[in-house]
Amino acid sequence: MKKGLVFFFIFILFSSVFAGEQLLNKMVVRVNGKVYTIYDCKKLLRFDDPASVQTQAVLDRKDKLIDQLINNAISKQEAEALDINVPDDELDAAVDSVLAQNKMTREQFEQELSKSNMSFETYRNEVLKEQLLLLKLKKRIIVTMDVDERALREIYEKEFSKEPELYFTASHIIMQANESNDDEIRDAVSAIYKEVTSGKMTFAEAAKSYSQDGSAANGGALGTFSARDMVPEFSERLAVMKEGEVSGPFRTRYGWHIVKLDKVEKHDPPTYNESYEMLRNIYYQRNVEKMFQTWLKKKRSESKIDILL
């Protein structure tokens, strides 16, 4: 091959590569001076593999992706301004929580991630960290926003001020279950129930031997709690029991239980002032997304945004 042809071939090759890089780095939007590119849009579509996304797919969704980029940029910039971060210990605790919720070991979770071509490190250090950062930002923002006092009053009137509230002192034994072993776990808990009610074991001994949550070490003791503190199936079961009674096996989303009711009390409903902090927490939990979107809309109106594509 002649030198001229070799040079021409190399020139074409590098021109093609350079053109591709230019396209990836083509500016899409500028938010408060920071520029975001087509590649950032591709990451929104396929965080695990942005390079596989066709540029036309970005152009087809241009308006929606730009809107999302702007929102993400404003959120990240605000988090930086407020010095919000996610330290490693919080990230590790969040990972443990994700594994527990999915009832997986780390190895099993890694295998699931690999099906989407995502490494565990990418999930931990980028995806999960970004989610936690946004949650912390939302929490910081909404607690500074005004609370609708009329809404607090409405929550109080509907949920706090009607009837005396039941408080239970109880212990339980729980064995976790899923679809594949539900019958097996139900039978195991039934066998434990027979051991306890026949006197072969005390409830506390059975809890220490078999129960699968943190209360096991204390003989299953849950302390004193209100009916609202537990899932409905749990509180409803306790509400029809007598003090000292042990329930038969029953199912909640957490698994199969038996429960021993030690004491039941009726407390007069708290006053509005006594409930105020709890009412605020309930209000925030129910309105967090709405309040965040209100803040985001205001922040967008105050930001300098230039659409470049």
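Reader: K103 lies in the loop between α5 and α6 (106-114). What is the phi of K103?

Author: Keep in mind that this is a predicted model. Phi of K103 is positive, about 50°, although K103 is not a glycine.

Reader: And how accessible is K103?

Author: The cut-off for exposed is over 50% relative accessible area. K103 sits at 45%, so it counts as partly exposed.

Reader: Okay, sheets next. What is the strand order in the open sheet?

Author: Read across the four strands: β4-β3-β6-β5, with antiparallel pairing. The edges are β4 (221-226) and β5 (250-252), each pairing on one side only. On average, neighbouring strands are turned by 45° against each other, ignoring direction.

Reader: Which helices pack on that sheet?

Author: Helix α9 (residues 182-197) does, touching β3, β5 and β6 (255-267), and its direction makes about 55° with that of β6. Helix α10 (residues 203-210) packs there too, against β3 and β6, at about 50° to the direction of β3.

Reader: How many bridges join β3 and β4?

Author: Five, between β4 and β3 (residues 165-175). One to find on screen is S171 with its partner A221 in β4.

Reader: Where is pLDDT under 50?

Author: Over residues 4-21, where the model has one contact beyond four places in sequence.

How values were computed
Residues numbered from 1 in each chain as written. Predicted model: local features only at pLDDT ≥ 70, side-chain atom pairs only at ≥ 80, totals over all residues. Heavy atoms only, no water. pLDDT = per-residue confidence, 0-100. Contact = heavy atoms within 4.5 Å. Pairing = 2+ DSSP bridges. Helix = DSSP H or I, 4+ residues; strand = E, 2+ residues; numbered from the N terminus. Axes fitted to C-alpha atoms, helices over the stretch in contact; angles between N-to-C directions. Buried < 20%, exposed > 50% of the residue type's maximum accessible area, 1.4 Å probe, protein only.
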